Amino acid sequence: MSEPTTREERFEQGLEVLRQIDNQAGQRVLDSLADINPELAHQIVAWGFGEIYSRPGLAPRDRQLMTLGMLTALGGCEPQLDVHINVSLNVGLTPQEIVEALLHSAGYCGMPKALNATLVAKKVFAERGLLPVSTAP
């Protein structure tokens, strides 16, 4: 694929990346922002996924592990964690790996942030029929 050069090409590339990792995520972003800030939706898709996520330097599962850690560290990002926990499962992370990453984050982000992220994971896992999660050491 050639490097996208126009605004519309970058947007289309971002939508394609989103379709590959979560068929509905891109459209949900566009829909949720259509009546308030469609430019933000465009930038999330075109820049976030068309320019950054599509780079070849990291595999999608590695990008998702980083994203889970950063969203957990930021705190207050539970809606985005919901999306990215689903995407993490879609790109090959197991529930056990996600839980382990969130447990690991407790030492760096604090217990409350790790707890909030884990409760989002529990919700996603329940919706996908993935509970209980076995995390024996």
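Ala, Val, Leu, Ile, Met, Phe, Trp, Tyr, Cys and Pro count as nonpolar, Asp, Glu, Lys and Arg as charged, and the others, Gly among them, as polar. With that in hand, welcome to this predicted model.

**The largest pocket**
- Rolling a probe the size of a water molecule over the atoms shows where empty space is left.
- The lining of the largest pocket is made by 25 residues.
- Sorted by class, this lining has 17 nonpolar, 6 polar and 2 charged residues.
- Nearest the centre of the pocket you will find Ile44, Phe49, Thr67, Gln80 and His84.

**Helices around the pocket**
- At least two lining residues come from each of α2 (25-33), α3 (38-53), α4 (60-74) and α5 (78-90).
- Which helix gives the most to the lining? That is α3, with 7 residues.

**A loop residue, Asn23**
- Look for Asn23 in the loop between α1 (7-21) and α2.
- Asn23 has a relative accessible area of 58%, and it counts as exposed because exposed means over 50%.
- Between Asn23 and Arg7 there are 22 Å in space, C-alpha to C-alpha, and the two are 16 residues apart in sequence.

**A nonpolar surface patch**
- Leu58, Met66 and Met70 make a nonpolar surface patch of about 270 Å².
- Met70, one of these residues, sits in helix α4.
- With a relative accessible area of 47%, Met70 is partly exposed, because that class lies between under 20% for buried and over 50% for exposed.

Notes: Residues numbered from 1 in each chain as written. Predicted model: local features only at pLDDT ≥ 70, side-chain atom pairs only at ≥ 80, totals over all residues. Heavy atoms only, no water. 1 Å grid on protein atoms, 1.4 Å probe; cavity = no way out; pocket = protein on both sides within 12 Å on 5 of 7 lines; lining within 4 Å. Helix = DSSP H or I, 4+ residues; strand = E, 2+ residues; numbered from the N terminus. Buried < 20%, exposed > 50% of the residue type's maximum accessible area, 1.4 Å probe, protein only. Patch = residues over 30% accessible without salt bridge, like charges linked within 9 Å, V, L, I, M, F, W, Y side chains within 5 Å. Areas by Shrake-Rupley, 256 points an atom, 1.4 Å probe, with all protein chains shown as cover. Salt bridge = Lys/Arg side-chain N within 4 Å of Asp/Glu carboxyl O.
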